[in-house]
Amino acid sequence: MLEAGVGPRPGKGAFVSAGCVQRSERVAVIGVGILGASVGWNLSRHGAEVVFIDAGRPGEGVTNWSFSWVNASNKTERRSYFDLNVASMAAYRELAETIGPGSWWHPSGHLRWADDPAAEAKLLETAELLAGWHYRVEVCTGAEVRRRLEPALRVPGKTSVLFYPDEAWVHGRHLVGRLVGRAVESGAEHRSGTAVCDVGIGSDGSIRTVTLSDGSCLNVDVVVNAAGPSASQVAGLIARHLPMRREPGVVTRIGGAQVPVHRAMHAPHIEIRPDGDASVVLHSREIDALIDTGEDPAELARLLHESARHVFPELGSSRIAQTQVAYRPIPADGFPSVGAVPSVPGYYEAVSHSGITLGPVIGRLLASEILSGKRDEMLADFRPERFPP
């Protein structure tokens, strides 16, 4: 999946072409998913000249096919990564105040439980760790959850259910549309339906141009690689090796007259959240494991739907509306790659799994770095230079 739309490279083209349009102080944001939109909006509102470039339409790539769960409870493998996610959760609350919550922001909390003692013990251990890190979590029973939060949920009454009240879900496509729209109002340019074919480097080694599949060539001072699963291909245009995992995931949307689900949740074997417009999003890592076996996406969707019906029987009457297999933009070590690449002045990366959670904080921190040249300590563990050239 080429969310950013990396096109065929017409030739080496490493230096500035005489046919390029002269525009000064311009930032090309390649990829208009949640990360690209967040970086571009922050740049634009602080006076930078921004051009968004994407082969598709805003937010319709991986951003639209994400579980879109805003959280830090699943980010405990490294304290600095947890802290970055917590900071982005706070940034979301600020963002909702700045641009208005509208249809994109749903701070309704998150539920999680298991169906076997070992898995439950692990969840409770994680909850204890998070509480020690001052992250809000409530341990409820299934009966309490049905009474207070999810009346249509099927869960044993005595089962321990974790409720994370500060977590949320986001309608990614709606948020991206809002951010890009605000940026355009501030003077940004949006070029959709055209791919990046080449990135030109000046004789001093810095970024000078981007060449697009529509034949145009733009003079720029900065390139932000926010190309999601295509990020390694964009990096290759400047002869940089950005190692990425190959990790496909399948997401299904089901629709019906009523949606009995009120918040995001991880039930045993299935992840479920509402999606607005009388639809529900389904995902499961267990089902993801079947993708490389060649299983038909329609069968994967059926399995997801069947698992969801065990948790919410009312979903039995819903219909499968859309299914998509997408490749997650995950750098090789699993952590974000955010910031400047010192060997190529003017080239920056904004590449990460959990882009929905991290969008607001990465957008703010990277825009600040581009405009001021100052590197924020919060990104110290996630710098691109940790990957060798």
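pLDDT is the predictor's confidence in each residue, on a scale from 0 to 100. The structure described here is a predicted model. Its chain has a mean pLDDT of 93, with 94% of the residues at 70 or more. Residues 1–24 stay under 50 in pLDDT, and for this stretch the model has 74 contacts beyond four places in sequence.

**The sheet**

Eight strands make up an open sheet of mixed pairing, in the order β6-β7-β5-β15-β16-β17-β14-β18. The edges are held by β6 (138–141) and β18 (319–327); each has a single partner strand, so one side of each is left without a neighbour in the sheet. From one strand to the next the twist averages 20°. Strand β14 (residues 248–255) runs antiparallel to β18, and eight bridges join the two. Within this pairing, Arg253 has Gln322 of β18 as its bridge partner.

**Helices on the sheet**

Two helices are described here by the strands they meet. Helix α3 (residues 117–132) packs on the sheet, where it touches β5 (110–112), β6 and β7 (160–164). The direction of α3 makes about 35° with that of β7. Helix α8 (residues 297–311) lies across β14, β15 (264–267), β16 (270–274), β17 (279–283) and β18. Relative to β16, α8 runs at about 80°.

**The α2 and α9 pair**

Two packed helices are described by the angle between their axes and the distance between the axes. For helix α2 (residues 79–99) and helix α9 (residues 355–372), the axes come within 7 Å and cross at roughly 85°. Angles of 65 to 115 degrees count as roughly perpendicular, and α2 and α9 are therefore roughly perpendicular to each other. On the α2 side the contact is made by Tyr81, Leu84, Asn85, Ala87, Ser88, Ala91, Tyr92, Glu94 and Leu95. On the α9 side it is made by Ile356, Thr357, Leu358, Gly359, Pro360, Val361, Arg364 and Leu365. By class, the residues of the contact of α2 with α9 are 11 nonpolar, four polar and two charged.

**Positive phi at two histidines**

His134 has a positive phi although it is not a glycine, and His269 likewise has a positive phi without being a glycine. The table gives their places and values.

| Residue | Phi | Loop | Relative accessible area |
|---|---|---|---|
| His134 | about 65° | between α3 and β6 | 76% |
| His269 | about 80° | between β15 and β16 | 42% |

Technical notes
Residues numbered from 1 in each chain as written. Predicted model: local features only at pLDDT ≥ 70, side-chain atom pairs only at ≥ 80, totals over all residues. Heavy atoms only, no water. Contact = heavy atoms within 4.5 Å. Axes fitted to C-alpha atoms, helices over the stretch in contact; angles between N-to-C directions. Helix = DSSP H or I, 4+ residues; strand = E, 2+ residues; numbered from the N terminus. Parallel < 35°, antiparallel > 145°, perpendicular 65-115°, else oblique. Nonpolar A, V, L, I, M, F, W, Y, C, P; charged D, E, K, R; others polar. Pairing = 2+ DSSP bridges. Buried < 20%, exposed > 50% of the residue type's maximum accessible area, 1.4 Å probe, protein only.
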